[in-house]
Amino acid sequence: MKKGRFITFEGGEGCGKSTQIKRLESYLKEKGVEVLVTREPGGTRLAELIRGLLKDEKDDPPCDRAELLLFLAARAQLVKNVILPALESGVWVLSDRFSDSTFAYQGYGRGLDLEILKIANDFACDSLKPDLTLLLDVPPEVASARMRKREKETNTEADRIELAGDEFHRKLREGFHALAADESDRIHTIDASGTPDEVWEAVCRSLKRLI
Ligand code: T5A
């Protein structure tokens, strides 16, 4: 029986998820809540290995179906070995991305059949659903400026998925909006184009339902 709360953060590249998750983690810990932060793909040794393949394999990049199955394999491992045991022991889990990313990126972005995705995803994650999903929404040009700034500051390069092109990123943003419209109780859309403090205020307003 699930006792902890499961909160996921979603959005396009560079929308500011990791920044807000760090704030929420500190905030909840100050309130005495036991918190586990994880990310997708990743969060276990196997899933982190899969993450490397998904983000950086340029010589033999996964085709769309292989990409989907790799994301789902990573999720299955994370849910079974990390997320469910944590929730069952009363820990709150904050995840940087979860199933909605699959529907947005592989469904709306790559064009894979959404019904097949839903069935395959339910199988991978044992039908686990977040209690609350915060969709950080930013126009592509804002996200892109943040990403370029970070690449410069950290001397890193865009990965395979970030390089997928403007049309792909436009489609996946529309996909996130469609998902939020379908499940407005669970998915709260937050305008994430403001300062980190402004976004945090909006995150807190959404959290009131759970705290
Ligand atoms: N994917 C994932 C799929 O295709 N299918 C799936 O099923 C799943 C689970 C994951 C990739 O995999 C894809 C999606 C992704 O392409 P990733 O490296 O984890 O790759 O990529 P992201 O999740 O996009 O993570 P990022 O770190 O790139 O973005 P964040 O976490 O949203 O943004 P953050 O907080 O690191 O901020 C980015 C930069 O902006 C600044 C930060 O300081 C940082 O430099 N920033 C702000 N600047 C101004 N104003 C604000 N409000 C700011 N907030 C943050």
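A: Begin with residue classes: Ala, Val, Leu, Ile, Met, Phe, Trp, Tyr, Cys and Pro count as nonpolar, Asp, Glu, Lys and Arg as charged, and the others, Gly among them, as polar. In those terms, the lining of the second largest pocket has 12 nonpolar, 5 polar and 8 charged residues. This is a predicted model, in which local features need pLDDT of at least 70 and side-chain atom pairs count only at pLDDT 80 or more, while totals for chains, interfaces and linings use all residues. Residues are numbered from 1 along each chain as its sequence is written, and side-chain values use heavy atoms, with hydrogens and water left out.

Q: What counts as a pocket, and how much space lies in the second largest pocket?

A: Rolling a probe the size of a water molecule over the atoms shows where empty space is left. On a 1 Å grid over the protein atoms alone, a pocket is an open set of points where a 1.4 Å probe fits, with protein on both sides within 12 Å along at least five of seven lines; lining residues have an atom within 4 Å of a point. A volume is the space filled by probe spheres set on the points, which are joined across faces, edges and corners. The second largest pocket holds about 420 Å³. Its lining has 25 residues, and Glu-13, Pro-140, Ala-143, Ser-144 and His-169 lie nearest the centre.

Q: Which pocket does the ligand take?

A: A molecule sits in a pocket if more than half of its atoms lie within 2 Å of its grid points. Here the ligand takes the space of the largest pocket, which has a volume of about 1,100 Å³. Of its 46 lining residues, Gly-14, Lys-17, Ser-18, Asp-96 and Arg-150 are the closest to the centre. The lining comprises 14 nonpolar, 13 polar and 19 charged residues.

Q: Which residues are closest to the ligand?

A: A residue is near a molecule if one of its heavy atoms lies within 4 Å of it. The ligand is surrounded by 25 residues, with Lys-17, Ser-18, Thr-19, Lys-55 and Thr-102 the closest. By class, this shell has 6 nonpolar, 9 polar and 10 charged residues.

Q: Where is the peptide bond cis, and which residue other than glycine has a positive phi?

A: Most residues other than glycine have a negative phi, and most peptide bonds are trans. The bond from Glu-40 to Pro-41 is cis, with omega near -10°. Arg-97 has a positive phi, near 85°.
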